[in-house]
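Student: Could we go through this structure together, one question at a time? I have the sequence and the model open.

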Amino acid sequence: MDLITEAIVTERALETLALEILATKGPLPVGEIGKVLADITSIPNLSQKLKEKFGGLKKFIEQFPTSFVISNDHPFNPNVLLRATLAPDQLEMIDNGMFPPQLLAKAKKVSMLDF
């Protein structure tokens, strides 16, 4: 709540909001997640704060491999999926370095209760 009311950027708040965004909207590029975060929080310089505190949103998301899967479709603005939306065989492929593009279209939406 401090993220929204006091503009205090914490890891837990960002992770929770990113999880909720992806659960609601499905797979999104990192840049789009950043736009939605900025809209929700109304923090005008959110991307700068993320850059200073975490090295950017992509680097932040990479800290949570148990929650998020980052595609290999773009070096700077890859799509992000929720790990909870993927089947075990899909996760095995990803863990072996193969990212099927059809996952970006087929990822199912989940509720926060799945986490």
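Student: Which helix gives the most residues to the lining of the largest pocket?

Tutor: Good place to start, and keep in mind that this is a predicted model. The lining of the largest pocket includes Leu46, Ser47, Leu50 and Lys51. Two elements give two or more residues to that lining, namely helix 3 (30–41) and helix 4 (46–54). The top contributor, with 4 residues, is helix 4.

Student: How many charged residues are in the lining of the largest pocket?

Tutor: The pocket holds about 180 Å³ of space. Its lining includes Val30, Gly31, Gly34, Gly55, Gly56 and Leu57, along with Lys51. Sorted by class, the lining has 4 nonpolar and 5 polar residues, and the number of charged ones is 1.

Student: How are helix 2 and helix 3 oriented to each other?

Tutor: Two packed helices are described by the angle and the distance between their axes. Here the axes of helix 2 (residues 11–25) and helix 3 come within 10 Å and cross at roughly 110°. Angles of 65 to 115 degrees count as roughly perpendicular. Helix 2 and helix 3 are therefore roughly perpendicular.

Student: Which class of residue has 9 members in the contact of helix 2 with helix 3?

Tutor: Helix 2 passes helix 3 in a right-handed crossing. From helix 2, Leu14, Leu17, Ala18, Ile21, Leu22 and Lys25 meet Ile33, Val36, Leu37, Ile40 and Thr41 of helix 3. This contact has 1 polar residue and 1 charged residue, and the class with 9 is nonpolar.

Conventions: Residues are numbered from 1 along each chain as its sequence is written. This is a predicted model: local features need pLDDT of at least 70, side-chain atom pairs count only at pLDDT 80 or more; totals for chains, interfaces and linings use all residues. Side-chain values use heavy atoms; hydrogens and water are left out. On a 1 Å grid over the protein atoms alone, a cavity is a set of points where a 1.4 Å probe fits but cannot get out, and a pocket is an open set with protein on both sides within 12 Å along at least five of seven lines; lining residues have an atom within 4 Å of a point. Grid points are joined across faces, edges and corners, and a volume is the space filled by probe spheres set on the points. Ala, Val, Leu, Ile, Met, Phe, Trp, Tyr, Cys and Pro count as nonpolar, Asp, Glu, Lys and Arg as charged, and the others, Gly among them, as polar. Axes are lines fitted to C-alpha atoms, for helices over the stretch in contact, and angles run from 0 to 180 degrees between N-to-C directions. Angles under 35 degrees count as roughly parallel, over 145 as roughly antiparallel, 65 to 115 as roughly perpendicular and the rest as oblique. A crossing is left-handed if the near helix is turned anticlockwise from the far one by less than a right angle, and right-handed if clockwise. Contact means heavy atoms within 4.5 Å.
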